[in-house]
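Hello,

Here is the structure I promised to pass on. Please open it alongside this email; my notes follow below.

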2 protein chains.
Amino acid sequence: MKNIYIIGVGLIGGSFALDIRQNHPNAKFFGIDHDDLHLDDALDLKLIDAKATYEDLKNADLVILSIPVDVGILEVPKILEAISDTTLVMDVGSTKLPICKIVENHPRRRNFLATHPIAGTEFSGPKAAIHKLYKNKTIIICEVEKTAFKLQEKALKLFSDIGMRIRYMHPDAHDKHIAYVSHLSHISSFMLGKTVIEKEKNERDIFDMAGSGFASTVRLAKSSPAMWTPIFKQNKDNVLETLEEYIHNLTHFKEMMQRDDYEAIFSEMQNTNHIKDILNGIE
Amino acid sequence: MKNIYIIGVGLIGGSFALDIRQNHPNAKFFGIDHDDLHLDDALDLKLIDAKATYEDLKNADLVILSIPVDVGILEVPKILEAISDTTLVMDVGSTKLPICKIVENHPRRRNFLATHPIAGTEFSGPKAAIHKLYKNKTIIICEVEKTAFKLQEKALKLFSDIGMRIRYMHPDAHDKHIAYVSHLSHISSFMLGKTVIEKEKNERDIFDMAGSGFASTVRLAKSSPAMWTPIFKQNKDNVLETLEEYIHNLTHFKEMMQRDDYEAIFSEMQNTNHIKDILNGIE
């Protein structure tokens, strides 16, 4: 791979550039971004070697599409028009069904690979890009059979070279499960942050009384609204389902407290302690 | 201080022993615990030098009471009976009003100091004790004026020697604010863990799709039910208030999604991003 184009040079795209460069020291990295300041930062940080436009995409071996998911579905057909027959275009968004639908009947469908790397931080933009973000992380690939065999092979080698575990899923199943293990966490965190901020006008009090437990629970409330609003929109039905179940469980907890049923609360917490075993693998 | 007694040699009591020992190399540390295996572990880990009983408390310079808050209010009068006139007894529980009420008219009230160190992890037991847990952490002290001046002085020196920031609060205010910045986080985390576990019977799926964001948000769901059930019970009214506001905010978020009001969702998240500034100080 010689020419790699990153569309959206933020945390996710920028970190891919950093990691891929390790294994492809002679590759040239180009950045495309609607925000020219991001491109300048990406140049300064050596995430990319030059700025580019869609007209240059015909020279691309690899295009990584790492922009908010609402813009992603608008841009992907234009990108597929602009590339050559041998270019691999992969998107890395947090929803997979809408983009798979959009490209479904595109003449260049076989140039496209739908992925979701389970990696990131609560920060965004090129300055948030970090080395080895993807090491030992999972990448979910959807509808792999719809991508040309040679391009699949190229992508899989790239992921395994940067240390990722590969998992295959149907886009439907991806969007359903990811609502539970990622999208809901963001809402729970944002609303927890909101509840505390609303109450504690005097922030000095929060600051002094809050410990690492609180910080951990509201960490995701620092996330970018521009990235997350379209994710919730595209995955509305699944997210609403998780949110209803979460509210139901919280209401049940409240009712146990109201009727002073602390035995039930104890066993509720004890059953959930089981999360330890699940988390062991991901921390 | 020569003789220091830790009642409840878990994460909190054990970590105090480790930190205080640095500044008092000649002090002897004694452990009292209803679980003899904890005492054995504490001896092995050199948290304590010997096991002890309430009868020995007459020799204590300092007693740290670090047991679940429901047992704390039952034990504190007995402890105050057992000590000498110059002993300082401090409790470190997560609720402050109930224990302050219990000791209110005790003849040894001036030997007692009500504190809440804002420090800990999601783990418990003597093996969870760690060095420097308290460095740069806040300790909240309630009703300081009710403790004998000499003993106040002793306690404040001890806290500042191990690097803690001291804050004074009324027990009422403590219990109200801590419900927001600590107790509610635990419920939100436990119920998030429950929601995901219930849904994802096939845990392999969770494990592979869950990232560090999810891990961070459900970290507190590993916490000890034996410690947390009595905290919720003792702080019932405040915790219920926070829980109602949290459920209200989540329901509002759900309704915004149902009516596709993504502009409102965006601005809701943007307003809460402000949590960044608040968290800067505690991470």
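Start in the sheet of chain B. B:Ala114 stands opposite B:Cys142 in S7(B). Helices (H or I, at least four residues) and strands (E, at least two) are DSSP runs, numbered from the N terminus.

Before going on, some ground rules. This is a predicted model, in which local features need pLDDT of at least 70, side-chain atom pairs count only at pLDDT 80 or more, and totals for chains, interfaces and linings use all residues. Residues are numbered from 1 along each chain as its sequence is written, while chains are lettered from A and ligands numbered from 1 in the order in which they are written.

**Sheet, chain B**

Strand S6 (residues 112-117) of chain B pairs with S7(B) in the antiparallel sense, over four bridges. Two strands count as paired if DSSP finds at least two bridges between them. S6(B) also runs parallel to strand S5 (residues 88-91) of chain B, joined by three bridges. There, B:Asp91 stands opposite B:Ala114. S5(B), helix H4 (residues 97-103) of chain B and S6(B) make a right-handed β-α-β unit. Right-handed means that, with the strands pointing away from the viewer, the path from the first strand over the helix to the second runs clockwise.

Six of the six residues of S6(B) are buried, so the strand is largely enclosed by the rest of the structure. Buried means 20 or more other C-beta atoms within 10 Å of the residue's own; exposed means 12 or fewer, and partly exposed lies in between, with C-beta atoms placed from the backbone. B:Phe112, B:Ala114 and B:His116 cover one side, and B:Leu113, B:Thr115 and B:Pro117 the other.

The whole sheet is open and has eight strands, in the order S3-S2-S1-S4-S5-S6-S7-S8 (chain B), with mixed pairing. Its edge strands are S3 (50-51) and S8 (165-169) of chain B.

**One residue in S2(B)**

B:Ile32 is found in strand S2 of chain B. B:Ile32 counts as buried because it has 23 C-beta neighbours inside 10 Å. Leaving out residues up to four places away in sequence, B:Ile32 touches B:Tyr5, B:Ile7, B:Ala52 and B:Thr53. Contact here means C-beta atoms, placed from the backbone, within 7 Å. The C-alpha atoms of B:Ile32 and B:Leu65 are separated by 9.6 Å, and the two residues are 33 apart along the chain.

**Chain A**

Chain A has an open sheet of eight strands in the order S3-S2-S1-S4-S5-S6-S7-S8, with mixed pairing. Strands S1 (residues 3-7) and S2 (residues 28-32) of chain A pair in the parallel sense over five bridges. The bridge partner of A:Ile7 in S2(A) is A:Ile32.

**Where the chains meet**

The contact takes 81 residues from chain B and 82 residues from chain A. H6(B) gives the most to the chain B side, with 19 residues.

**Core**

The largest nonpolar core has 177 residues, and A:Val63 and B:Val63 have the most contacts inside it. Such a core is a set of buried Ala, Val, Leu, Ile, Met, Phe, Trp, Tyr and Cys residues joined through C-beta atoms within 7 Å. In soluble globular proteins, nonpolar side chains tend to be buried together. Not counting residues up to four places away in sequence, A:Val63 touches A:Tyr5, A:Ile7, A:Leu57, A:Ile79, A:Ile83, A:Thr87 and A:Val89.

Best wishes

Terms used:
Two residues are in contact if their C-beta atoms, placed from the backbone, lie within 7 Å.
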